[in-house]
Amino acid sequence: MTDSPEPPRFTGWAQRPARGPGPDPRARRRRRRRWGALGAVGVVLVGGGAGWALYAKLNSNIHTDSATERELRKWESERPPAGPPNAENLLLIGSDSRTGDNGRYGHSRGQRSDTAILLHLAADRKSATAVSIPRDLMVEVPHCQRSDGQETEPQMAQFNWAFAFGGAACSIRTVEKMTSVRIDHYMIIDFTGFKKMVDAVKGVEVCLPQAVRDDQAQLRLPAGRQVLNGEQALGFVRARKGIGNGSDTQRMERQQRFLGALVKKVQSNGVLLNPTRLYPVLDAATSSLTTDDALASLRGLYELVRSTRRIPTGRVQFLTVPRREYRYDANRDELVQPDADRLFGRLRRDLPVTVDPTRKIGEDPVRTGAGAPAGVPEGSPPPAPSSDPTFPGTTAERGICE
């Protein structure tokens, strides 16, 4: 962890020269200036002490998992090479752990990645692309070390099992194997951390075409425009059975639009430039955050945020990996090729990714039968690649009520 600068120290006053008896107006003025200066120094010292305390608190909130770093180093020879300079790829993992304060949301054996997003920050910091990875996507999970020290065999499994097998290291290596994109950093946030983030920005506005009731997600909302607090927002992004058709596709789209609305509110409210508004957000974000060593300090997170704060909301993009119903199990997904490789290739080379909000993924995965794209005979050659493909998605500029 990076050392922090020391708070300012008061070193004392210089010895004043002796003066003769009798009143001296100049001396009175000097005393007033001296006491004014002393008061100013006191403010600086108090402010510096408070700033130091707040900095130390935020810094201590952040957790790092040294086991993840060790595991990734062990498999370094199998990992993709680094991408273009200054471009960064982060894996954002929403854990469904029910330990600690999360126990109120039920019980589970272990934890899985309830949400996973591959976030690509362009080298010029003029765009950010967030790619959702479905929890039920069938992927090749490599060798992974479990918490008990045993090692799992490589296998075909749904994506969220990678986190259950071997934590963040296994999820990172699974994403790298699937995409050939080098993951530079990772962040894990749990239910409690998400709620605190929403409450720290005084809620996020949503628009519901009809009332929602999902007892499993502990969510009941009326129809119409409304501002959700942290508890309601968590239920909103987790709900499946009480909203729409209950598919994971719709839930991912809802998560993307909600995160876009959250980004838009943070930027429009000037949170990043207002210390009184920024501190609660930082406290919420860091209190339930686990990261890699490079980001496991307030300075590391600040540098990351500072480099992205000028990205316009219209260039903060959200999309889902091209996928469809898994050919062997209608309750699972698989990648659509060559679309998925085109997307991963653009991220890998730091090329622009274009999303079209008017294109819809659909309420359900594309129904394919044996695996060919809908309407295309089995065995037909793949379509010619586009020089600048467009993917269904949305941006933070659109908001959730537009």
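At what angle do the axes of helix α5 and helix α6 cross? In this predicted model, the axes of α5 (residues 230–238) and α6 (residues 248–268) come within 8 Å and cross at roughly 140°, which makes α5 oblique to α6, since only angles over 145 degrees count as roughly antiparallel. On the side of α5 the contact is made by Ala 233, Phe 236, Val 237 and Arg 238, and on the side of α6 by Arg 251, Arg 254, Gln 255 and Phe 258. Sorted by class, the contact of α5 with α6 has four nonpolar residues, one polar residue and three charged residues.

A further helix pair is formed by α4 (residues 191–200) and α7 (residues 275–287), whose axes lie 8 Å apart and which pack at an angle of about 175°; helix α4 is therefore roughly antiparallel to α7. Helix α4 contributes Gly 193, Lys 196, Met 197 and Ala 200 to this contact, while α7 contributes Pro 280, Val 281, Ala 284, Ala 285 and Ser 287. The residues of the contact of α4 with α7 comprise six that are nonpolar, two that are polar and one that is charged.

These helices belong to a chain with nine helices and 19 strands. Of its 402 residues, 45% count as buried, and among the contacts in the chain with a separation of 6 or more, 70% are accounted for by residues 24 or more positions apart.

A search of the whole structure finds one disulfide, formed by Cys 144 and Cys 170, with their sulfur atoms 2.0 Å apart. The torsion about the S-S bond of Cys 144 and Cys 170 is about 80°, so the disulfide is right-handed. Because Cys 144 lies in strand β6 (residues 144–145) and Cys 170 in helix α3 (residues 160–179), the pair ties together parts that are 26 residues apart in sequence. Both cysteines fall under the 20% limit for burial: Cys 144 counts as buried at 1% relative accessibility, and Cys 170 counts as buried at 2%.

In helix α8 (residues 298–308), the residues Leu 298, Gly 300, Leu 301 and Leu 304 are buried. Viewed down the axis of α8, the buried residues fall within an arc of 165°, so they line one face of the helix. Two of these residues, Leu 301 and Leu 304, are also among those touched by Met 187, a residue found in strand β9 (residues 185–189). With a relative accessibility of 16%, Met 187 counts as buried. When residues up to four places away in sequence are not counted, Met 187 touches Leu 90, Leu 91, Leu 92 and Ile 93, as well as Leu 289, Thr 290, Thr 291, Leu 295, Leu 301 and Leu 304. The C-alpha atoms of Met 187 and Leu 90 are separated by 7.5 Å, although the two residues are 97 residues apart along the chain.

From C-alpha to C-alpha, Lys 126 and Ser 307 are 9.7 Å apart in space, whereas 181 residues set them apart in sequence.

Asn 86, in the loop between α2 (66–74) and β2 (88–95), has a positive phi of about 75° although it is not a glycine, and with a relative accessible area of 58% Asn 86 is exposed. A positive phi, near 65°, is also found at Lys 202, likewise a residue other than glycine; Lys 202 is placed in the loop between α4 and β10 (204–208) and is exposed, with a relative accessible area of 70%. Finally, the peptide bond from Gln 337 to Pro 338 is cis, with omega near 5°, and Pro 338 is located in the loop between β17 (329–335) and α9 (339–348).

Technical notes:
Residues are numbered from 1 along each chain as its sequence is written. This is a predicted model: local features need pLDDT of at least 70, side-chain atom pairs count only at pLDDT 80 or more; totals for chains, interfaces and linings use all residues. Side-chain values use heavy atoms; hydrogens and water are left out. Axes are lines fitted to C-alpha atoms, for helices over the stretch in contact, and angles run from 0 to 180 degrees between N-to-C directions. Helices (H or I, at least four residues) and strands (E, at least two) are DSSP runs, numbered from the N terminus. Angles under 35 degrees count as roughly parallel, over 145 as roughly antiparallel, 65 to 115 as roughly perpendicular and the rest as oblique. Contact means heavy atoms within 4.5 Å. Ala, Val, Leu, Ile, Met, Phe, Trp, Tyr, Cys and Pro count as nonpolar, Asp, Glu, Lys and Arg as charged, and the others, Gly among them, as polar. A disulfide is a pair of cysteine sulfur atoms within 2.5 Å. Buried means under 20% relative accessible area, exposed over 50%, partly exposed in between (1.4 Å probe, protein chains only). The arc is that of the directions from the helix axis to the C-beta atoms.
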